[in-house]
Amino acid sequence: IQLRLILFVSMDEVNKRKRVDNVSSALDLVDLLYKLKTTKRTGWVLKGVKEPESIADHMYRMSIMAMLACETERREGKDEASDSDSSVQKSLDANRCIKMALVHDLGESIVGDFTPHCKVSKDEKYRLERDAMAKIRCMIEGAVGEGEGLGSEVEELWLEYEEGKSPEALLVKDLDKIEMIAQAYEYENDQDHVDLEDFFQSTSGKFVTITGKKWAEEIVRRRIAVLKKRAQLKKEALNGQEQEEGQIPQDEMASSAKRLRSEKE
């Protein structure tokens, strides 16, 4: 009986320690996620955007977009004649899309946000982010237990996104670009000094899903309308300035008229 009691107490202590370790690992992951909230997206920083979004800002809006896009992709896919497009929507898993959007940039909490201007090759970027995701998988397993499979699921979602072959990955990759050009349009609309044409050029013709193509087309249409209106306002302001510079002030005109009358008298 004494031996059984000792073993029971020992196992109880082990379980308590595991729970403490689980809590510690969970909070370590929470601390890591904080970096996603504070790290600004490099592309906007390089372009001189004021108060640019964070990585977490981008990921959150993408996740909401995934909720919407899965429904529109299914619905509109039924009306499209293209077999390549309709095949994307047939087996679309909405929950998987949302999860993928939530984790697709998770590795950047460790390695940061790379852009083509950072002079890091695609292979090196992939290696760094894959190593980061392996570390994150271990952190998740430490928080919930390896047997639960959550750590592996998160890592597999990231790998699936990077490979870009499944219907979910194709849609989420389109949403990644859609969110970016939507943000570019919003920054140009709010901040007169920024020119973000590069972001639209880099994504032009790159969308593969029905939703991606239609949403991109609408964003570009809205941007063109705003740019035309802004150009018109600048033209009107310039014309008004030229007219003012070419006019004689009213008081000067009155004085000149008075002098002319005096001369005639």
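Helices (H or I, at least four residues) and strands (E, at least two) are taken as DSSP runs and are numbered from the N terminus. The model shown is predicted, so that local features need pLDDT of at least 70 and side-chain atom pairs count only at pLDDT 80 or more, while totals for chains, interfaces and linings use all residues. Residues are numbered from 1 along each chain as its sequence is written, and side-chain values use heavy atoms, with hydrogens and water left out.

**View 1. The chain as a whole, with 12 helices and 0 strands.** From the N terminus on, the order of elements is α-α-α-α-α-α-α-α-α-α-α-α. Of the 265 residues of the chain, 35% count as buried, where buried means under 20% relative accessible area, exposed over 50% and partly exposed in between, for a 1.4 Å probe and protein chains only. Contact here means heavy atoms within 4.5 Å, and among contacts between residues at least 6 apart in sequence, 70% join residues at least 24 apart.

**View 2. The largest nonpolar core, which has 45 residues.** A nonpolar core is a set of buried Ala, Val, Leu, Ile, Met, Phe, Trp, Tyr and Cys residues joined through side-chain atoms within 4.5 Å. Those with the most contacts inside this core are Trp44 and Leu196. The elements that give two or more residues to the core are helix 1 (2–38), helix 3 (55–77), helix 5, helix 7, helix 8, helix 9, helix 10 (197–203) and helix 11 (210–246), and helix 9 gives the most, with 11 residues. Leaving aside residues up to four places away in sequence, Leu196 touches Trp44, Lys47, Val49, Ala184, Tyr187, Glu188 and Arg223.

**View 3. Helix 9 (residues 167–190) and its residue Ile181.** The expected span of a helix is 1.5 Å times one less than its number of residues; for the 24 residues of helix 9 this should give 34 Å, and the end C-alpha atoms are 35 Å apart, which agrees. Helix 9 is mostly covered, since 17 of its 24 residues are buried. Ile181, found in helix 9, counts as buried because its relative accessibility is 1%. Not counting residues up to four places away in sequence, Ile181 touches Phe199, Phe200, Thr203, Phe207, Ala216 and Ile219. Ile181 and Arg223 are 42 residues apart in sequence, and their C-alpha atoms are 9.8 Å apart in space.

**View 4. The packing of helix 5 (residues 94–103) with helix 8 (residues 150–163).** The two helices pack at an angle of about 90°, with their axes 9 Å apart; axes are lines fitted to C-alpha atoms, for helices over the stretch in contact, and angles run from 0 to 180 degrees between N-to-C directions. Angles under 35 degrees count as roughly parallel, over 145 as roughly antiparallel, 65 to 115 as roughly perpendicular and the rest as oblique, and helix 5 and helix 8 are therefore roughly perpendicular to each other. The contact is made by Arg96, Lys99, Met100 and Val103 of helix 5 together with Glu153, Val154, Leu157, Trp158, Glu160 and Tyr161 of helix 8. These residues divide into 6 nonpolar, no polar and 4 charged, with Ala, Val, Leu, Ile, Met, Phe, Trp, Tyr, Cys and Pro counted as nonpolar, Asp, Glu, Lys and Arg as charged, and the others, Gly among them, as polar.

**View 5. Helix 8 and the residue just after it.** Helix 8 has 14 residues and reaches 20 Å from its first C-alpha to its last, close to the 20 Å expected at 1.5 Å a residue. Its buried residues are Gly151, Val154, Glu155, Leu157, Trp158, Leu159, Glu160 and Tyr161, and these pack against helix 5, helix 7 and helix 9. Just after helix 8, Gly164 takes a positive phi of about 60°.

**View 6. Ala143 in helix 7 (residues 122–144).** Ala143 counts as buried, at 17% relative accessibility. Not counting residues up to four places away in sequence, Ala143 touches Asn22, Ser25 and Ala26. The C-alpha atoms of Ala143 and Val23 are separated by 6.2 Å, although these residues are 120 apart along the chain.

View 7. With a relative accessible area of 75%, Glu51 is exposed. Lys119 is exposed, with a relative accessible area of 79%.
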